[in-house]
Amino acid sequence: MGTTLPILILAIPFAMFLILGIGGVKMSRKLAGILGICANGTLAVLAYIVAFTYFFSGDAAFILDGVRQQVQIFDVTWLAFTERMVVNIGFLLDPICAMMLVVITTISFMVHLYSWGYMEHEPGFQRYYAFLSLFTFSMLGLVVATNIFQMYIFWELVGVSSYLLIGFFYKLPSAVAASKKAFIVTRFADLFMLIGILVLSYYVSHTPADGPLGGASAFNFLMLNSNPGNVLASTVGATFMGGSVLTWAMIFIFVGGMGKSAMMPLHIWLPDAMEGPTPVSALIHAATMVVAGVYLVARFFPVFCIVPDSLTFITVVGAITAFYAAVVACAQIDIKRILAFSTISQIAFMMVALGCAYNEPVEGVHYSGLGYMAGMFHLFTHAMFKALLFLGAGCLIHAVHSNNYTEMGGLRKYMPICHITFLIGCLAIAGIWPFSGFFSKDEMLAAMFSRHWFWGAWMTMVAGLTAFYMFRMYYMVFWWEENPKYRESGHKPHDAPWQMSLPLIILALVSCVAGFIPFGEFVTFNGEPYHIHIEPSVAATSLTVAVAAIALATVMYAKKNPLPSKIKNLWPGLWTAANRRFYWDEIYQFITHRFIFNIICRGIAWFDRHIIDGTMDAMATVTQWCSVRIKGMQSGSIQTYVIWYFIGAVLLAAVTWICIL
Amino acid sequence: MDYSQFGAMLPELIILGLFFIVFLFDTFSNEGGKKLLTPVTTVLFGLATVAIWLIPSCGDTVFGGMYVDDSACKAMKAILNVGVFIVLLQSAKWVESDEVAIRKGEFYELLLVTLFGMYLMISARHFLLFIIGLESASLPLAAMVAFNKKHYESHEAAVKYILTAVFSSAILLTGLSFVYAFSGGSLYFDDIRAELSSGSTPGLLICALAFMIAGIGFKLSLVPFHLWTADVYQGAPTAITAYLSVISKGAAAFAFFVIFVQAFGTLYSAAWEWMMYAVIIVTITIGNLFAIRQKNMKRFMAFSSISQAGYIMLGVMTESALGLGSMMFYIFVYVVSNLAVFSVISAIENKTGKVGMDDYDGLHKTNPWLSFAMTLAMFSLAGIPPFAGFFSKILIFTSVTASDSMALYMLVLVALINTIISLYYYLLVVKAIWINPGEARIESFRSAFSERLALWLCVGGIVFFGLVSGIYQFCVESAATLV
Amino acid sequence: MDSVANIILYFVVALCIAVFSVMTVTSRKILRAATYLLFVLIGTAVFYFQLGYQFLGAVQIAVYAGGIMVLFVFSILLTRRPDDKAPLLASHRRALGIGLSLSGLVLLLLALFFMPLVDGLSLSECLESGMSIDMATIGKAFVGTDRFQYLLPFEAISVLLLACIIGGVTVARKR
Amino acid sequence: MLWYLVPSVIMFAAGVYGFCTRKNMIALLISLELMLNSADLNFVVFNRFLFPGSMEGMVFTLFAIAIAAAETAIAIAIIINIYRAVGNTDINSVKQMKF
Amino acid sequence: MFSNFLIWFVIVPVIMMAGLACCGNSNMKAIRTVMVVCSTVLLGMAIWLVCEFLDMRAAGDTSEMLFTGSWMWYEPLNIHLAVGVDGISVLMLLLSAIIVFAGTFASWKIDPLPKNFFLWFALLSTGVFGFFISIDMFTMFMFYEVALIPMYLLIGVWGTGRKEYSAMKLTLMLMGGSAFLMLGLLGIYWHSVPAGGVPTWNILEIAHNSAIAPSWQNLLFCFTFVGFGVLGAMFPFHTWSPDGHACAPTAVSMLHAGVLMKLGGYGCFRIAIYLLPSAAQELAWIFIILTGISIVYGAFSACVQTDLKYINAYSSVSHCGMVLFAILMLNRTAMTGGILQMLSHGLMTALFFALIGMIYGRTHTRDIRQMGGLMKIMPYLGVCYMIAGFASLGLPGMSGFVAEMTIFFGAFENGDMFHRVFVIAATCAIVITAVYILRVVGKLILGPVQDDHHLTLTDATWWERFSTATLIVCLAGIGFFPNWINETIQHSFTPIINALNMAI
C-alpha cells in the first residue's frame, strides 16, 4: 500500500475542518452539510479500502506466516527533542488500528448524516460540521499514531474537539460549564499521562539501543512493544516508592486513559458532557473518543504485561467503575445520562477484559490473549450499538424536546422505526443472542473467569444490571403510560426524517450481524488468528442473568404500576445517592471550588497583592517616609545648617581617626 | 622675575580682558550704548569660548609651580566656558528686564570674575592661589544671589549663602593651617605630596582632611555641607541658580580631584578615600530623599544637583586618569543637561513667573517644544539612554569599578540603587508635563531667540554627547596629562 | 620659651584672648561683643609681634582692628534699634552650641597634642634660626614670579577685592 | 608651640559656639571673624615654630586677612540689605525657605 | 559600517522616528504611512535575515555568530558597537519584527497625540532590535534601557486606569533590575580579563577567554540573573507586570509582553549563563526554585482575576517563568524549549493583548463579570480569543504546546530528584492554565450576553483582522512546523553547552 491513502485519510478531515471553519460563514447550510457528508463518505470508503487491504490482501507486508504485522506506512520527523527523543508523525497500520479506522469513519459518517437532520435548524450549522471534521481528524490521528507522543498530541486534540462540541450551544451556561469540566478533567488526567511519558522516555532514551529498532525514537510503539525486555530493562530495574519506574510510568499513562475513558474517579465529566448535541454524544462520548483509553491500553499491551501490577490496577479500576456506573444508571431519569453511565460501565468492561488478558501462554488458561481480543471485539460492537442507542435517543429528544423519560412514555406507537432500532440496541447491550453484544460480552466474561472467578462473577452481575437498567429505560420510554401532553398539544411525536432514520437502520443492522464476524481472525494480541467459540457455561450464565434482569424490568416498568416507587421508597437514601451519582460531583466541587479556588488561588492572589506587591510598595513608602522624617534637617535656619555642617566635619574626622587607630 | 609667564595664562587673561571691556563699557557708555551691552558681551564671550577651545594648551608650569596650564585644565575651562555661554544666553532675556537692566553691567562683571576665580581654582597648584580662586568664585556670587532686589527670597538666599560660605572658608582655612603643619613649609601641591608620601596619618592630618573636605564640599554641596543649597537655589535668580548648580560645581569638583589626588593621593592610609566613601553615599542618598518631596522646580533642581554631585565625586574615588576623564565628561554632560532644565525653567519663569512643579501640568499641550526639551533633559539627568546622561553615568561607574576593590563595587551598587530613586523624581516632572490631567496652567508662548538658542545647544549636547564618543575620548586624553 | 618676659606676655595675651573670645560670643549687647572682638584681634596682633612678624601684626591692627571693626561698628549702629538687646537663648540651643564647640575643641586639642611634629624648639631659638622677615623680603616676594614668590596671588586678590567692591556696591545700593 | 595653639583653638571653639547661638546676624559675623582669626594664628604659629626658614604661612595669613576683609564687606552689605527688607537683623527672621 | 546588514535593524527605526518627526502633529495618514512602510520593511528584513541565515548555515558556515561586525566606539574603555546574530537572535528579531508590525496595526486609531505615541513606540523598537543584534555587553545594555524607558510615557500618557502608578512602578522596578544588571556587567567586564589582557565588553571574546574567579562568578551571576529576571517577571520581582500590563495601551502591552519580556530571558541566557557557566552550574538551583514558583504561582493567581489584562499578565508571569526555568535546566533540549517558549509566548501574548485591547475599545470594560457571550456579538474576535486561549493552554498545533513539551522533556533530562520535583510542579501549570483560560473563555466569549448595550457593537475592522491574523498564522506556523526552528537554533547552543560542560 502506498502512502497516498493513509495521507488522504488524515488530510481530508483536516482540510474539511479548515474549509468549513474558515469559509463556513460564507457558505450556505446545505453546501456545508453536503460537503461534510460527502467528505466523510469518501473518508469511510478510503478507510474501508485500507482496512480491507490490510486484512484481506494477504500482502506479505501485512500478514507474514499467518501473523498479522504492524506496519509503519510512513513516519516523518516532526520535532526532535534529543537524538533519541524524536517526535514523528506517522501512520501505523495494525489490526486494532484498522478496526478503529472502520469504526471511526463509519460512526462519523452516520453522525454526519444524522446531524443533517438533527441540527438542521441550529445556528452555527457550518461550525458544527467543521468541529466534527476536526474531531474525526484528531481521532484518526490518534489511532494511527506510531508513537506515544503522536498519540498524546492527538489525544489533546480530541480533547479540544470534544470541548468545542460539548460547548456547541455556547449560549447555555450549562453547556459551557460542561465543556469546561470535560476539558479540565481530561486535561488533569493527561497531565499524568505526560508525566508517565516523561518518565518512560527518559529511561528508554538513556538505555543503550540494540536490536533492529534500537535506533528508533524512544516514543516509538513498535520499538517499545517489540523488544520490551531489552529497552525497558533499566526502567524495570529502577524503583521508586516500592514499584519499578516502569510500573509507575505505565500507571500514569493509564491515568491519562482513565480520564478520557471516564474511569472512576475521573468519570465526572462524561455525564455532563451530554449537554452537547446528541449526535456528538453518539460519536464522541459513546463510540470513539471515550474508548481511547481502552485503545491506549491495547496499544501498549505488551509493555503493560511486563509490569503485571499495572494490569491489576487496570482491572480493579475497571471493575469498580463498571459496577458503580451500572448502579448509578439505574437511578437516572435523563435518558442521555443513563446512556452515558452505561457507556462508562461498558468501557470499564473492556478495561477489565484487557486487564485480565495475558501476553504469554499461561498454564490452565485456554487462550491467554482472550481478554485482549474480547475487549477489542466489545469495543467494536459497543461502538455500533451505543451509537445506535444515542442516535435513537436523539430522535426521541428531537420528538419530545426533553431529555427526561418522565416526559415520554408510550412512544412505540408514534415512532416505530425508532422503537425497533432502539430495542435492537438494548438487546445488544444486554447481551441477548444473536445480537452483537452477546458475543463480545461472552468472550470478555470468559476471559475474566479464566483470570479469576471473582472478576467473572462480579462482571456477570454488572452485565445483569446493564440489562436491567437498559430495559428500564426502554420500557419507560416506549411503554409505561402515554404522556397526556401528546394528545393535548396538537404536536404529536413522530419519526425523524430519513437523514436521521437511515443511520439508525444501518446501525441496527450492523448490531444484529456484527456478532457473527469472526473477530478473532483479525484482531488478537499477537497478530495470530484465533477462532472464536462460545464458552457454553459462561454464555449460559450470562444469558440467564440477562434474561432474568430483563424480566424483572418488564415486571416493574412495562405498564404503569406503583412497584418502582415502592422499591424506591424502600431505600430512599440509596436511591437518592445513586441518583446523585454518589455525590462525586459534590466532592469534586468541594475540592476544586472551595479548596483550590477559594483557598489556594485566592490565597495566592491575596499574597501577591498584599505581601509581594506590598513589599514593593513598602519600599517606596519607606523611602517617602524617610524623606519626610529627615526634612527637619532643612529647617530654614542658617544656624541649623551650620550645626549640621560642623557635626559632619567633626564626625568625619573623629570616626576616621578612630577607625584608623 | 619673568612677567612673560603671564602669557601662559591665556584663558584667564581672555576672561579678565573681557571683564575690563565690560567694566569700561558699562561705566562710560551712554544709555543707548548700554542696550548693546548684552549682545556684545554674549557674542564676545562666545568668541572667547571658541578661542579657549581652539588655543592649544602650552602645558607650562609657571610661577614656580603655582599655576599649571595642562590640557586637562584647559579642557575643563573650555567645558565650563560652554556652560557659562549657555547661561549667558538663557539669562539675556532676564537681564534685559526692567528690574535688572540697570545693573546688568555688574551682573556680567561679577559673572566674569567668578569665572576667573574658577579658572584659578582649576589651574592652581598652590593652596594660596587656590583659596583666592575659591573666594573669587564664591564671594561675588553672594552679591549675584542678592540680585533680585524686589524679591525677599533673593535676600534671604544671599544671607544664607554668604554666612555659610564664610563659615566654610573659616573651616577650610583651619583645615589648611593643619595641613600646613605637615607640609614641610610649603603649600605647593607637589611639595605636600612628597612630604606626605611616607609615614602614618596623625589625627591632626585627619582633622585637616575632614575640614578640607567640608570646606570644598560646601562648594560642591556634599551632604552634610549642603544645607544652604536648596534655599539659595530657590531664592537666587534662575540664571544664577543655573550658574551655581553647574559651573561652580564643576570647577570645584575638578579642583577637588586635583587637590586630593595630587596633594594627598599618596597618603599612606587612604583616610580621605574612606571619608569620601561615606560622604558620597550620604550625599547621593540624602539628596535623592529630599528631592522626592519638592514642589518648587528650582528647589527640586537643587536637591537633584546635590545627588548629582555625589555621582561626580565618584570620579574622585578612582584616582586615575580614566576616572578624571569620566568625571570631566560627566560634568560636561551634567552641564548641558542641567542647563537645559534651567533654560526651560527660566524661559517659563521669565514669561509667567511660575516655578512650581504643579504649574507644569499639561505643559505639552501649550508648549510642546519646551516640554520635549525638558523631557529629554530629565531623561538625561536620570541616566536614560540614548541620551548623554546614560553614558556619563555608566562610564563613571565603569571607571570606579576598575580597581579590584569590593568596597568600591558596593559603592557603585549604592549609587545604582539611588539612580532608581532619582529616576522616580525626574519622572515626576515628566509626569507633570505629559500625564497629569487638567488644563495647562501656562499659556502658549514663544521664547526669546537667545533662550531658544541655549535650549538647542543643550538639547544637541544631550543627544549627541553620548553617541559621539569623541568627547569622552577627548576628556580622557586630556585627563591623562594630569594624573 | 625661654625669656620670662615672653612667658609673662604670652600668658597675659593668651588669657586675654581666651576670655575675650568667650565674652565676645556670650555678651548680650552687640556693641560690646564688637568691642571684645577688638581686644581679641589686638591680642592676636600682639602674638604676631611676639612671634617676630611685625609686618603681619601691623596689618592685623590696620586691617582688622582699623578697617573691619569700623565696618562692624557702623553696621551695628545702622541696624540697631533702641531696645536692642539679645534675647535670652533657648537653653537647648545653648547646650547644643556648647556641646558642639566643646567637641570641636576636644577633637582639635587631642589632635594637636598627638601631633608627631612637635619638636623642642623654643621661641627664641626659632626666632634666631628663622629667616629675617623685613619689608624688603616681603616686598620682593610679592612681586616675584619664582617659587615662594607671590606675584600671581597678589594680582589675583586685587581682582577679588575689585569684584567685592563691585559686589558690595551692587548689593548695597538702593536700586 | 602648643601653648600658642591653645588660645587659637579656644578662639575657634568660641566662634563655633557664637555662630550656633547668637541671634543677631552681625554677631554671627563677629563669631566668624574669631574663627578666621584662629586659622590665621595657626598659620603663623606653625610657620614660626616648625618652618622658621620660610614665610609661606605668614604670607598666607596676610592674604587671609585680606580675604576676611572682603568677606566681611560683602556680608555686611548683604546684612544691611536684609535689614532694609525685613527691618531687623534677627537671624530667625530669615528662615522662610525651608524643607 | 552601513554595509553590515544587521545595523540596519537599528537604522530603520531611527529613520522611522525621523520620518515621524517630519509628519504633522495630527496628520494620521502620513503617520500611518511611515509606520506601515517602516514596519513592513523591518518585517521583510527579518524574514530575509532568517532565510539568509539558514542558507549560510546550510552552506556549512558553523561560526558562532554570523553577520558579525564590530566598530570601536569608546576607545578608552574598549567599548564597541559589535553586532552579530546566531539562530536565537535571528528568531528574536523575527519575533520583534512581527510584533512591531502587528502592533502598528493594532494601534491604528491611537488617540491623543498619535505622533508622539509612535515616536516613543519607534524608540522602543530601536531598543529591542538593537538589543538582539548586539554582542557587546555595553551596547546591549544601552539598547536594553532604551527599550525600557519609553514604556513610562507610553503607559503614562496613553494608558488607562491607574496609569501613573503603574507606569512608575513598572519603570522603577525594571530600572531596579537594570541597576543590578549594570553592576553584574561591570563585574564581568573587569574580571573577565585574562592576565595581561585588555578588558573587553564583547560577549564572544569574554566567553572564549574568560578568567572570572568562581567567587566573583557567583556574585555576578546573581546580579545579572536577577537583573534580567526582573524583566522576565521572575518571582518575586514580577509585580510590575500585572499593573503595568493592565494599564498599558494595546500596542504597548503587545510589544512589552511580546518582546520586551523576552529581553529578560534572552539576557539571562546570553550573559548570565553563557558568560558565567560555573556559577550557573552552582547556583541554578536557587533560581530554579524561584522560577518554579513563578510558573505555578502565576497560574494560580490568574485563576481568580477578573480583569482580562490581569489574567494575561499573570499568565505571562507563569509562561515567562517557564522560559527562565527552561534556560536554567542547562541542557540543550530545555534551552531549545525556552527559546521556543519565548517565541510562542511573544506571539500569543501579543495576540491576547491585541484582542483585549479591541474588546476593551468596544465594551469599555475589561471586567469579565460585566461581559459575556461576545462570540455572538463579535464572532471574529471571539474566535481569535479562543485560538489565543488554546495556544496558551498548549493545544497541539499551536506553538505553546511545542514549546512546553520541549521544555518538559529537556528538563526531565536532569536526573536528580530536585529537578524532577520542579519539573513535575511545572507540568501542573498546564492544567491550571487550562482552568483559567477556559474560565475566561466561558465567561467572556461563550455564555449568554450579559449587557444588552453590547449587542450593538461591531466586529473587528480590517486592520484589526489583519493584525490578529498575522499573529495567528505565526502561532500556527510554529505549532505545525516546529522543527525548522529547532534547526535554526541548534548550533547556537553548542558554545553554551560546551562552556557549561567545561565548568563542571
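1. Two residues are in contact if their C-beta atoms, placed from the backbone, lie within 7 Å. By that test, and leaving aside neighbours within four places in sequence, Val145(B) is in contact with Ser154(B), Ala157(B), Ala158(B), Tyr161(B), Val232(B), Gly235(B), Ala236(B) and Ile240(B).

2. The model is predicted: local features need pLDDT of at least 70, side-chain atom pairs count only at pLDDT 80 or more, and totals for chains, interfaces and linings use all residues. Residues are numbered from 1 along each chain as its sequence is written, while chains are lettered from A and ligands numbered from 1 in the order in which they are written.

3. Val145(B) also belongs to the largest nonpolar core, which has 818 residues; a nonpolar core is a set of buried Ala, Val, Leu, Ile, Met, Phe, Trp, Tyr and Cys residues joined through C-beta atoms within 7 Å. Ala387(A), Ala142(B), Val145(B) and Ile78(D) touch the most other members.

4. Most peptide bonds are trans, and most residues other than glycine have a negative phi. The bond from Met264(A) to Pro265(A) is cis, with omega near -5°. Another cis peptide bond joins Trp433(A) and Pro434(A), with omega about 5°.

5. Phe63(B), not a glycine, has a positive phi of about 55°. Phe63(B) counts as buried because it has 26 C-beta neighbours inside 10 Å (buried means 20 or more other C-beta atoms within 10 Å, exposed 12 or fewer, partly exposed in between, with C-beta atoms placed from the backbone).

6. Phe67(E) likewise has a positive phi of about 55° without being a glycine. With 19 C-beta neighbours inside 10 Å, Phe67(E) counts as partly exposed.
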